[in-house]
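Thanks for coming. I have one structure to go through today, and I will keep to what the coordinates show. Please have a look at it first.

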Amino acid sequence: MRRQLLVKALGFTLIELMIAIAVVAILAAIAYPSYNRFITKAARDEAKSTLQQIELLQEAWRRDNGVYADATALAAQLTALGEADKYSYTITSAGRTSYEAVATAVGTQAAREAAQFSGAGCEELTITVNLAGVTREPERCW
């Protein structure tokens, strides 16, 4: 009789197992969207950092050449800086006194931005440098 009691005490009932599974499912349902939001913001922060590195590269180029570089002049650096699976980086309207650098979300990052931050407009981050100073748009994403 003592042996039978010992065997029963070591097992789980089906109800206990189902309650544990339900608790894990509820925690996962709460944690997964928060995790996705964190991943999206982290990739956006990485894009902002890359845009600021482009800003430094542009200033060094202007110091050496007298004008800001276009995308072809900095193609190797742009490829080295950015991960193509999250954001693509372009330099538009580069000239003697101004330029514009744009980071555009691509692939899964674009889908995450649209799904989690729809209407925020953070799929495209822009730095514009001119004689008036530096403008970062959209402001709510910086």
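This is a predicted model: local features need pLDDT of at least 70, side-chain atom pairs count only at pLDDT 80 or more; totals for chains, interfaces and linings use all residues.

Now back along the chain, into helix α2 itself. The helix covers residues 14-65, which is 52 residues. How far apart are its end C-alpha atoms? They are 74 Å apart, and at 1.5 Å a residue the helix should span 76 Å, so the two values agree.

Which residues of α2 are buried? The list is Asn36, Thr40, Ala43, Arg44, Ala47, Lys48, Thr50, Leu51, Ile54, Glu55 and Gln58. Look at the numbering there: Asn36 and Thr40, then Ala43 and Ala47, then Leu51 and Glu55, are among the buried residues. An α-helix has 3.6 residues a turn, so residues three or four places apart point the same way. As for what they pack against, the buried residues of α2 meet α3, at 75-81, along with β1, β2, α4, β3 and β4.

Take asparagine 36 as one case. This residue lies in helix α2, and at 14% relative accessibility asparagine 36 counts as buried, the cut-off being 20%. Leaving aside residues up to four places away in sequence, asparagine 36 touches Arg112 and Gln116.

Next, the salt bridges. How many does a search of the whole structure find? It finds four, and I will go through three of them.

One is between arginine 44 and glutamate 113, with the closest N and O atoms 3.0 Å apart. Arginine 44 sits in helix α2 and glutamate 113 in helix α4, so this pair ties together parts that are 69 residues apart in sequence.

Another is between glutamate 55 and arginine 136, where the closest N and O atoms are 3.1 Å apart. Here glutamate 55 is in helix α2 and arginine 136 is in strand β4, so the pair links parts 81 residues apart in sequence. Glutamate 55 counts as buried at 15% relative accessibility, while arginine 136, at 28%, counts as partly exposed.

A further salt bridge joins arginine 63 to aspartate 64, with the closest N and O atoms 3.2 Å apart. Arginine 63 and aspartate 64 are both exposed.

On to the strands. Strand β1, residues 87-92, runs antiparallel to β2, and six bridges join them. Within that pairing, tyrosine 89 stands opposite alanine 103 of β2. The two strands form a hairpin with six residues between them, and serine 93 in the turn has a positive phi of about 45°.

β2 also runs antiparallel to β3, again with six bridges. There, alanine 101 has isoleucine 127 of β3 as its bridge partner.

Why call β2 largely enclosed by the rest of the structure? Because five of the seven residues in this strand, residues 99-105, are buried.

A word on helix α4, where alanine 111 is found. Alanine 111 has a relative accessible area of 47%, so this residue is partly exposed. Between alanine 111 and glutamate 123 there are 9.2 Å in space, C-alpha to C-alpha, and the two are 12 residues apart in sequence.

Last, the disulfide. The structure holds one, and it joins cysteine 122 to cysteine 141, with an S to S distance of 1.7 Å. Which parts of the chain does the pair tie together? Cysteine 122 lies in the loop between α4, at 107-116, and β3, at 124-130, while cysteine 141 is in the segment after β4, at 133-137, so the pair ties together parts that are 19 residues apart in sequence. The torsion about the S-S bond is about -85°, so the disulfide is left-handed. Cysteine 122 counts as buried at 2% relative accessibility, and cysteine 141 is buried too, with a relative accessible area of 2%.

That is the end of my part.

Notes:
Residues are numbered from 1 along each chain as its sequence is written. Side-chain values use heavy atoms; hydrogens and water are left out. A disulfide is a pair of cysteine sulfur atoms within 2.5 Å. Helices (H or I, at least four residues) and strands (E, at least two) are DSSP runs, numbered from the N terminus. Buried means under 20% relative accessible area, exposed over 50%, partly exposed in between (1.4 Å probe, protein chains only). Two strands pair if DSSP finds at least two bridges between them. The expected span of a helix is 1.5 Å times one less than its number of residues. Contact means heavy atoms within 4.5 Å. A salt bridge is a side-chain nitrogen of Lys or Arg within 4 Å of a carboxyl oxygen of Asp or Glu.
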